[in-house]
Amino acid sequence: VEANDPQGGQSYQDWADAVDLGANFQDVDDNGIYDPQIDRPDILGDRTSFCVYNDGTGDDIRSQGLLTDPMGLEVLQTVFAFAFEDELGNVVFFRYRFVNKGDADINDLLFSIWADPDIGAAEDDLIGSDTLLSLGYIYNDGSDANYGNNPPAFGVDFFQGPIVASPGDTALLYQGPWFGIDTVLDFRNLPLTSFVFYNNANDPDPFASPRENPERARDYQEGGKNGLGEPIDPTAFGLGGTANDNPLYFYTGEPEAGTGWRDNTAADKRFLVNTGPFELARWNDTNGNGRPDLEEPGVQDIVVAYVVGRGSNATNSVTVLKEVDQVAQAAYNSNFIVAGPPPPPAVTVRTFDQKIEFIVDLDQNESFYYNKRDSLNNLQVFEGIKIYQFASPSTNELEGGLPNKQLLTSFDTVSYTHLTLP
């Protein structure tokens, strides 16, 4: 469903299937029943998608890789993103609502995002983490055949971790502008609790081990251990590691500054960002509506963001990635009550022999009159337009290491000036 979809339209009608599977909706008439002509889907961004999955597959088709039995876990997954041209447009959000539909409480649960995010060519990547941002990331060791001299960096961040008992603290559960923020007294949100990596089997694996079992997987999730379950020595990995570095979080240095504990062995890296442990009681439908509500026992929300940053070179892309991540976290912490971009002006294009004519109407979509301040105190005002020429379908400054973007002209509606560039 999209933010501009009409009330009662097809996507609002389709959301009824999502509601039957446990999805949220804004109950406008407060009757407990989803009506697409009256109520509103759980729209969190400009586009929101929903699905459900569980670990209940039978032994005959279940992967035998870890030799583990189903626990009765169900996940209500909501994915959303914003159609912005700023930092928030470089982020995709995943909200995982975990529901324990098994027969017993689950104790010491750990949640991980496992990623194999090749930056262009797979074999030349490096990894790192930022504990203050709860961010694990991957970047290139230099130029890349696919991306040129400024390959992007990719990261995974826990924007909202699971909650655990913590007397005197307050956990915050952000539900979006339509549902508000839940506060849970004497609890706190867990951050990133470990970040680990391993290499593709085709590359030298520093954690090579004959142990291929649930215990080894648990070691990776807990962090700070090698493939044999032994404690990690930061001085034995990468560059700049010291005995004071926390082995739970690999490579917390600053790649662009060249300081701290850093990765110096490019390879086909896979990594896990982990959080936990936390408890998940058996679900009890105390509200009696058949949907797992966040305040009910046996339900936990974890919100993860996939973040991309692209700077002037590989290590600068890590710096940009962290800047994007901080802007997105601020927007999340404001419960997404953010001012969006002004509506685009209506543009008519006419082509002639060796000439293109643009007719830009600033009135039709009310672009000229846009003026909005959001909860972050950002003021969005329409002040002008710029017209660019691109050498490819991409809007990046550089593409394949070559210039891709050229400003042709700009118009300032405040001072009514017009600048034509060569």
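**A first tour of the fold**

Biologist: Among contacts in the protein chain between residues at least 6 apart in sequence, what percentage join residues at least 24 apart?
Modeller: Happy to start there, and please keep in mind that this model is predicted. The count takes contacts between residues at least 6 apart in sequence, then asks which of them join residues at least 24 apart. In the protein chain that share is 59%.

Biologist: What radius of gyration does the protein chain have, and how does that fit a compact globule?
Modeller: The C-alpha atoms fill a box of roughly 70 × 60 × 45 Å along the principal axes. For 422 residues, a compact globule would have a radius of gyration near 22 Å. The chain agrees with that, at 24 Å.

 

Biologist: Which Trp does Phe250 touch, leaving out residues up to four places away in sequence?
Modeller: With those sequence neighbours left out, Phe250 touches several other Phe residues, including Phe195, Phe197, Phe207 and Phe237. Ile127, Val196 and Ile232 are also among its partners.

Biologist: Which elements do the buried residues of H2 pack against?
Modeller: Helix H2 covers residues 214–222, and Arg216, Asp219, Tyr220 and Gln221 are buried there. Just after H2, Gly223 takes a positive phi of about 85 degrees. The buried residues of H2 pack against E6, E12 and E13.

Biologist: Which strand gives the most to the nonpolar patch on the surface?
Modeller: The patch is formed by Val347, Val349, Ile356, Phe358 and Val360, with about 420 Å² of accessible area together. Strands E15 (346–352) and E16 (355–361) each supply at least two of its residues. With three residues, the strand that gives the most is E16.

Biologist: Why does Val360 count as partly exposed?
Modeller: Val360 lies in strand E16. Buried means under 20% relative accessible area and exposed means over 50%, with partly exposed in between. Val360 falls in that middle range because its relative accessible area is 31%.

How values were computed:
Residues numbered from 1 in each chain as written. Predicted model: local features only at pLDDT ≥ 70, side-chain atom pairs only at ≥ 80, totals over all residues. Heavy atoms only, no water. Contact = heavy atoms within 4.5 Å. Buried < 20%, exposed > 50% of the residue type's maximum accessible area, 1.4 Å probe, protein only. Helix = DSSP H or I, 4+ residues; strand = E, 2+ residues; numbered from the N terminus. Patch = residues over 30% accessible without salt bridge, like charges linked within 9 Å, V, L, I, M, F, W, Y side chains within 5 Å. Areas by Shrake-Rupley, 256 points an atom, 1.4 Å probe, with all protein chains shown as cover. Salt bridge = Lys/Arg side-chain N within 4 Å of Asp/Glu carboxyl O. Rg over C-alpha atoms; globule rule 2.2 N^0.38 Å.
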